[in-house]
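Trainee: I have just opened this entry and would like a friendly tour. Could you walk me through it step by step?

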Amino acid sequence: MTGTLGGALEARGIPAGEGRLSSEAVGEVEADGKVLVVRRLHVTYRLRLAPDKREAALRAYEKHVEYCPVARTIGPCVTITTSLELEDLDESTAPARERSP
């Protein structure tokens, strides 16, 4: 799922590599008889980005699950939820190729 979101961000000119996009997934497991089964999965994404890219990032985030092979595969049997935390990238800490002239 993170890869799908990362690709969608990159396609919109928003760098997702070098630690810009990270994620944490938490699964909730229940017993089904004597077998533990994952029933729910929540993925929290964290994205560091230029402030002027927020709107494009939100559009990518809103659409990524429907285009994600993993989500489409497990979605019928596992409830998937996501959240996105945005952090403005400080211009002074951005790599030189991403700084404004």
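Mentor: Happy to. One term first: a polar contact is a pair of N or O atoms within 3.5 Å, where within protein one must be able to donate a hydrogen and the other to accept it. Keep in mind too that this is a predicted model.

Trainee: Is T82 buried, partly exposed or exposed?
Mentor: Buried means under 20% relative accessible area and exposed means over 50%. T82 has 23% relative accessibility, so the residue counts as partly exposed.

Trainee: Which strands and helix do the buried residues of helix 2 pack against?
Mentor: Helix 2 covers residues 54-64, and its buried residues are A56, A57, A60, Y61 and H64. They lie on the same side of helix 2 because they cover an arc of only 140 degrees around the axis. On the other side of helix 2, E55 and E62 are exposed. The buried residues pack against strand 2 (35-49), strand 3 (79-88) and helix 1 (2-11).

Trainee: Now T44: is that residue buried or exposed?
Mentor: T44 belongs to strand 2. The cut-off for buried is under 20% relative accessible area. T44 has a value of 13%, so this residue is buried.

Trainee: Which side chains make polar contacts of 3.4 Å with the side chain of T44?
Mentor: Not counting residues up to four places away in sequence, T44 touches S22, S23, E24, S83 and E85. One of these, S83, makes a side-chain polar contact with T44 at 3.4 Å. A side-chain polar contact of 3.4 Å also links T44 to H42. The names to remember are S83 and H42.

Trainee: Stepping back, what pattern does the protein chain follow along the sequence?
Mentor: The protein chain has three helices and three strands. Among its contacts with a separation of 6 or more, 61% are between residues 24 or more positions apart. Read along the sequence, the pattern is α-β-β-α-α-β.

Trainee: Last one: what percentage of the residues in the protein chain is buried?
Mentor: The protein chain exposes about 6,500 Å², with carbon and sulfur atoms supplying 53% of that area. Of the 101 residues in the protein chain, the buried share is 26%.

Definitions and conventions
Residues are numbered from 1 along each chain as its sequence is written. This is a predicted model: local features need pLDDT of at least 70, side-chain atom pairs count only at pLDDT 80 or more; totals for chains, interfaces and linings use all residues. Side-chain values use heavy atoms; hydrogens and water are left out. Buried means under 20% relative accessible area, exposed over 50%, partly exposed in between (1.4 Å probe, protein chains only). Helices (H or I, at least four residues) and strands (E, at least two) are DSSP runs, numbered from the N terminus. The arc is that of the directions from the helix axis to the C-beta atoms. Contact means heavy atoms within 4.5 Å. Accessible areas come from the Shrake-Rupley method with a 1.4 Å probe; for residues, only the protein chains shown count as cover.
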